[in-house]
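I opened this model to look up its overall build first and then a handful of residues, one entry at a time.

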Amino acid sequence: MSKIKNAFAGGKAFIAFITCGDPDLETTGAAVRAAVQNGADLIELGIPFSDPTAEGPVIQGANIRALRGGVTTDRIFEFVKQLRADISVPLVFMTYANVVFSRGAERFIAACGEIGIDGLILPDLPFEEKEEFQPLCRKYDVDLISLVAPTSASRIAMIAREAEGFLYIVSSLGVTGERREITTDLASMIRVVRQHTEIPCAIGFGISTPEQAEKMADLSDGVIVGSAIVRILEKYGKDAPERIGEYVRSMKGAIEHM
């Protein structure tokens, strides 16, 4: 039974993305705790990769800093095990297929199940190739989370019908990063999603202000914020967690009354 639905049980969900190991795992842990204490309902933990194709410059920079700092997948698994001692909200890994393959898919996904990772997002995994991982994810009770983008068009219904955990709605074409304006016709995309699944959907890519969060939450079941949080980490380093807490509180406050 998916635990991810718990993130959406209390209303609109706020999902925070944090790159593991930027600037170090101790700061990552403090940032996660600050986010959860201030209203984050689900945490996406980025496992750094040398070629993060879906990421804009902000999260690319975080990947580079984390890798230079010596973070490894093994260290991240051990870190999550410790995090689970006091963090109970759903946790999801966001990474790339090569990271999973290099460890061995079964070994990676089995370890996810053991340490309390509830879902896996692989933005470079085409929907048509998800059978590479789906049976293993089901075996170890880890939701393989699908994405739909403005380019998904006629495939949206098919992807929605087979969605697990939550459906990640990509708001805009291009890579991650803050955007002044989101102009995609998301209402039409979400209308198709609603016709084909009861799985909650959350919108990510480009959301950085409370006003944007409110607008996106009005359309969907939750919002995902990454680059704006990673930018705080880039600017303040080890002193970032307190500021991340303040930021998450403002974002959650914008959507929790809906």
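**Overall build**

I began with the size: for 258 residues a compact globule would have a radius of gyration near 18 Å, and the protein chain has 17 Å, which agrees. I took the radius of gyration over C-alpha atoms, and the globule rule is 2.2 Å times the number of residues to the power 0.38. This is a predicted model, in which local features need pLDDT of at least 70 and side-chain atom pairs count only at pLDDT 80 or more, while totals for chains, interfaces and linings use all residues. Residues are numbered from 1 along each chain as its sequence is written, and side-chain values use heavy atoms, with hydrogens and water left out.

Taken along the principal axes, the box filled by the C-alpha atoms of the protein chain is roughly 45 × 40 × 30 Å. I then looked up the secondary structure, which comes to 11 helices and nine strands; these are DSSP runs numbered from the N terminus, helices being H or I with at least four residues and strands being E with at least two.

**Burial, contacts and charge**

Of the 258 residues, 59% count as buried, where buried means under 20% relative accessible area, exposed over 50% and partly exposed in between, with a 1.4 Å probe and protein chains only. The protein chain exposes about 11,100 Å², of which carbon and sulfur atoms supply 48%; the areas come from the Shrake-Rupley method with a 1.4 Å probe, and for residues only the protein chains shown count as cover.

Among contacts (heavy atoms within 4.5 Å) between residues at least 6 apart in sequence, 73% join residues at least 24 apart. For the charges I noted 27 positive and 35 negative ones, whose mean positions are 1 Å apart. Here Lys and Arg count as positive and Asp and Glu as negative, with His and the chain ends not counted, and the place of a charge is NZ of Lys, CZ of Arg, CG of Asp or CD of Glu.

**Cysteines**

How many disulfides does the count come to? With a disulfide taken as a pair of cysteine sulfur atoms within 2.5 Å, the count comes to zero. Cys20 is in no disulfide, and the nearest cysteine sulfur, that of Cys112, is 11 Å away. Cys20 is buried, at a relative accessible area of 0%, and for Cys201 I also noted a value of 0%, so Cys201 is buried.

**Ile4**

I found Ile4 in the segment before strand 1 (13–19), and with a relative accessibility of 0% Ile4 counts as buried. Leaving out residues up to four places away in sequence, the residues that Ile4 touches include Leu42, Pro90, Val92, Asp118 and Phe166.

**Backbone entries**

Which two residues does a cis peptide bond join? They are Asp22 and Pro23, with omega about 0°, and Pro23 is found in the loop between strand 1 and helix 1 (25–37).

Asp141 has phi near 60°; the residue sits in the loop between helix 6 (134–139) and strand 5 (143–145), and at 45% relative accessibility Asp141 counts as partly exposed. Phe205, likewise not a glycine, has a positive phi of about 80°; Phe205 lies in the loop between strand 8 and helix 9 (210–219) and counts as buried at 7% relative accessibility.

**Val170 and its surroundings**

Val170 is found in strand 7 (residues 167–170) and is buried, its relative accessibility being 8%. Apart from neighbours within four places in sequence, Val170 is in contact with residues including Leu147, Val148, Leu186, Met189 and Phe205. Val170 and Gly206, 36 residues apart in sequence, are 9.0 Å apart in space, C-alpha to C-alpha.

**Two loop residues**

Thr197 is in the loop between helix 8 (186–196) and strand 8 (201–204), and at 14% relative accessibility Thr197 counts as buried. Glu132, in the loop between strand 4 (119–121) and helix 6, is partly exposed, with a relative accessible area of 46%. Glu132 and Pro90 are 42 residues apart in sequence, and their C-alpha atoms are 24 Å apart in space.
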